Amino acid sequence: MKLDKQSLEQHNEKLAAKHRRALTYVAEDIAHAEDVISKLERFQIAIPSWALGTGGTRFGRFSGKGEPGSLEQKIEDVGLLHALNRSSGAISLHIPWDIPQDAAKIKTLAASYGLVFDAVNSNTFQDQPGQAHSYKFGSLHHVDPNVRRQAVAHNIEVINHGVALGSKALTVWLADGSSFPGQLNFREAFQNTLESLKEIYAHLPEDWKLFVEYKAFEPFFYSTTIGDWGQSLLLANKLGPQAYTLVDLGHHLPNANIEQIVSLLLMEGKLGGFHFNDSKYADDDLTAGSIKPYQLFLIFNELVEGMDARGLDHATGLGWMIDASHNLKDPLVDLLQSVEAIKIAYAQALLVDRVALKEAQRNNDVVRAQEILQHAFRTDVRPLVAEARLRQGAALDPVGLFRALDMRAKLIDERGSASVATGL
Ligand SMILES: [Mn+2]
């Protein structure tokens with residue numbers, strides 16, 4: 001289904017007066033409000049193809065209804081999100097869950113919704129039907145060179161799909177690790193991973209990036225072969241200039257200082273991309289900003305500061321993606337909430353008085369430093385984010401419009417109750 005223009009305009013008209021009042025109130029005290037709004041207009045967050053259906057846990061999956069049953073329907077769903085918020089103009093595919101049979105046709109379909117293809121993702125954490133070797137004991141780090149070769153070949157195949165769609169990056173997340181002491185020789189596992197990644201890296205087109213994602217634990221519980229940012233950075237440095245570390249917010253041990261990690265990776269020119277989500281304990285895959293919005297703000301504070309220091313364009317300098325699982329909420333609403341939370345954190349970070357903060361740091365004025373950050377965090381920037389959406393032709397209240405138009409009911413009418421999306 002498509003969002004019809006008339007419904008959108010009626011929705012915006014109804015909310016216009018209230019929005020104007022709120023915008024005038026907040027913009028009055030922000031000297032560079034116009035600059036903030038135009039940066040928000042350009043900022044896009046890629047939607048993962050695997051998050052459009054209901055997620056599950058290892059205990060079960062409670063299927064939603066009207067899920068997209070094909071890649072075409074997934075693109076349609078992202079198109080709907082993008083029509084509602086004009087901030088989700090890219091889709092990130094997971095292979096082999098979403099193999100495009102006719103790449104040119106898929107690319108044209110996506111373009112008709114104003115979408116491009118973001119990073120493509122390989123999958124060597126599951127065995128596929130007919131596959132010669134199993135990934136039960138890992139993939140790129142495996143002790144058997146035949147398994148490693150198979151996993152390398154899969155990643156090269158993923159690059160080829162991405163090239164056909166106009167993607168510019170490959171994200172590699174490995175489930176490789178061990179669950180018991182003694183199971184693995186850590187050094188050999190790391191070196192096997194490096195050698196395998198070198199082969200994949202050699203197949204990267206010149207204008208592509210390789211994102212090396214890390215994760216502290218799970219699915220294995222004793223060690224993960226790329227377990228933290230240090231291990232990822234080590235690999236990225238050894239691979240070369242096209243390799244970068246990818247930070248997934250949920251892939252850290254509890255209370256890790258992610259903003260500090262981000263700051264140093266940016267300093268080294270090795271931060272490549274982001275997977276947004278939120279968590280209470282570990283990789284809980286919850287809506288971005290739903291548990292720790294202050295942490296999300298502090299991360300964006302470092303991102304803005306670090307990107308400005310390196311002269312990077314906020315919108316295009318890094319890969320911005322959501323990586324979450326929607327077990328309870330409607331996936332589309334959950335994604336709208338995530339995008340909103342990310343843009344709010346970004347807007348708040350844009351409000352930080354950098355000159356005053358520098359001054360406070362120079363004077364060891366700890367109280368002032370906290371005041372500056374918390375003043376930005378406690379500013380209600382929602383009208384600025386909404387104004388950016390309005391100027392881009394999106395809805396003032398995307399979730400409200402989704403609800404008012406009963407969009408899920410329409411999707412169920414179209415697709416039925418039994419369609420199941422591939423993905424998490
Ligand atoms: Mn991830």
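Strand E7 (residues 209-213) and strand E9 pair in the parallel sense, and four bridges connect them. Within this pairing, in what is a predicted model, Phe211 is placed opposite Tyr244 of E9. E9 also pairs with strand E10 (residues 271-276), again in the parallel sense and over four bridges, and the bridge partner of Thr245 in E10 is Leu271. In general, the strands of a sheet pair through backbone hydrogen bonds, in either a parallel or an antiparallel arrangement.

The burial of strand E9 (residues 243-248) was examined next. Six of its six residues are buried, so the strand is largely enclosed by the rest of the structure. In a regular strand, side chains alternate between the two faces of the sheet. In E9 both faces are covered, with Ala243, Thr245 and Val247 buried on one side and Tyr244, Leu246 and Asp248 buried on the other.

A separate set of strands was found in an open sheet, in which three strands follow the order E1-E2-E3 with parallel pairing. Strand E1 (47-48) and strand E3 (116-117) are the edge strands of this sheet, each pairing on one side only. Strand E2 (residues 90-92) runs parallel to E3 and is joined to E3 by two bridges; in this pairing, Ile91 has Phe117 of E3 as its bridge partner.

With regard to annotation, an unreviewed UniProt entry places the feature "domain: Xylose isomerase-like TIM barrel" at residues 100-285. In the model, this span is 37% helix and 16% strand, and its end C-alpha atoms lie 26 Å apart.

A loop position was also considered. Ser134 is found in the loop that lies between strand E4 (120-121) and helix H5 (145-165). Ser134 has 13 other C-beta atoms within 10 Å and is therefore classed as partly exposed, since a residue counts as exposed at 12 or fewer such atoms and as buried at 20 or more. Although Ser134 and Gln150 are separated by 16 residues in sequence, their C-alpha atoms are 9.5 Å apart in space.

Note on methods:
Residues numbered from 1 in each chain as written. Predicted model: local features only at pLDDT ≥ 70, side-chain atom pairs only at ≥ 80, totals over all residues. Pairing = 2+ DSSP bridges. UniProt positions renumbered as here; feature names shortened; annotations may be inferred.
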